[in-house]
Amino acid sequence: GPFKIEFAGTSPHICVFHQILTEEDINHFIEFATPRLSRNRGDKEDAAYGRREKEEGKLKQIYKSVQARMKTIAFAGTEADVYTPNNFTILDRRAENLSSRLEKALNLNVTNQWSSGQYQVTNYGLAGLCEAHLDPHGYLEGADVTGRNYLKQSGDYIGTVMGWLQDPPAGGSTTFFKFDTEVTIWPTRGSAAFWFSLYTDGVRDPASSHGGCPVAVGSKWILNKWIYSFNNWDRQPCHPSNSQRHAYEDVQKDRMSWPDSSYY
């Protein structure tokens, strides 16, 4: 720090940290991802990136982006579901330095075990887009989280980091447009956006629903990191007494934001 921060919205809390990525960071992530880019996640396609749909009786395959994930730190007890926060091996020093920088900027636990997911680098080609969606899975709402057993240790996504490694000449913005929220953030190379995705009771905030607008010229490179909730109990305490299932208009809920006592 000090960090160059732009507040873009409060319902939900959305901000942009300008110039938080160095040129070396940008080149490092792109060089890592380029030979590893894939339409697949694991052994099957993710519907958010490749979707089959019927149109006029024909089956059409739509691909909008390719991505690669980067494992930057390995904790000794992760595979055995054992909490070993002080026993780890750093696999990518530059990426972990960025995580430490984000931890200071966000006032959230980012670097510890079960505190955040792996970095994901995504490339959107011409006309590449991402449909409107919520990032959290709805773990505390009883949603089906089959195949995501790690959520019992990590909790749901409390917030999302989205950095821009390359901004297209036209298009490619990210927009929040539901429940009276009208916020658009534009790709800015070297900057990173952040938004909270949960209410203070751990339930998904539907106003955090967002989508990526089509790339009109060139291509867009982004870097994502999703922050988990349970290991941020001391930074953003949960208030379970307010907990109800996914709701908005009929229930008054408290949104997450940085405390007044912080340097924001």
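Modeller: The secondary structure of the protein chain comes to three helices and 19 strands, and it should be kept in mind throughout that this is a predicted model. Of the 264 residues in the protein chain, 47% are buried. When contacts between residues at least 6 apart in sequence are considered, 75% of them join residues at least 24 apart.

Turning to the rings, a search of the whole structure finds ten aromatic pairs. One of them is formed by Tyr83 and Trp114, whose rings lie 5.6 Å apart, centre to centre, with 25 degrees between the planes; the pair counts as stacked because planes under 30 degrees apart are classed that way. Tyr83 belongs to the loop between β8 (73-75) and β9 (88-90), while Trp114 belongs to the loop between α2 (93-106) and β10 (119-124), and the pair thus links distant parts of the chain, 31 residues apart. The two partners fall into separate classes of accessibility: Tyr83 counts as partly exposed because its relative accessibility is 40%, whereas Trp114 is buried, since its relative accessible area is 18% and the limit for being buried is under 20%.

A second stacked pair is made by Tyr157 and Trp226, with 5.9 Å from centre to centre and 25 degrees between the planes. Tyr157 lies in strand β12 (residues 157-166) and Trp226 in strand β19 (residues 220-228), so this pair ties together parts that are 69 residues apart in sequence. Tyr157 is buried, with a relative accessible area of 9%, and Trp226 is buried as well, at 10% relative accessibility. Both residues also belong to a cluster, in which ring pairs link Tyr150, Tyr157, Trp226 and Tyr228.

Rings can also be considered together with charged side chains. Arg36 lies over the face of Phe32, at 4.0 Å from the ring centre, and Lys220 lies over the face of Tyr124, at 4.8 Å from the ring centre.

Finally, a word on the cysteines. The structure holds zero disulfides. Cys15 is buried, with a relative accessible area of 0%, while Cys213 is partly exposed, with a relative accessible area of 25%.

Terms used: Residues are numbered from 1 along each chain as its sequence is written. This is a predicted model: local features need pLDDT of at least 70, side-chain atom pairs count only at pLDDT 80 or more; totals for chains, interfaces and linings use all residues. Side-chain values use heavy atoms; hydrogens and water are left out. Rings of Phe, Tyr and Trp (its six-membered ring) pair if their centres lie within 6.5 Å; planes under 30 degrees apart count as stacked, over 60 as edge-to-face and the rest as tilted. Helices (H or I, at least four residues) and strands (E, at least two) are DSSP runs, numbered from the N terminus. Buried means under 20% relative accessible area, exposed over 50%, partly exposed in between (1.4 Å probe, protein chains only). A charge sits over a ring if NZ of Lys or CZ of Arg is within 6 Å of the ring centre and within 35 degrees of the ring normal. A disulfide is a pair of cysteine sulfur atoms within 2.5 Å. Contact means heavy atoms within 4.5 Å.
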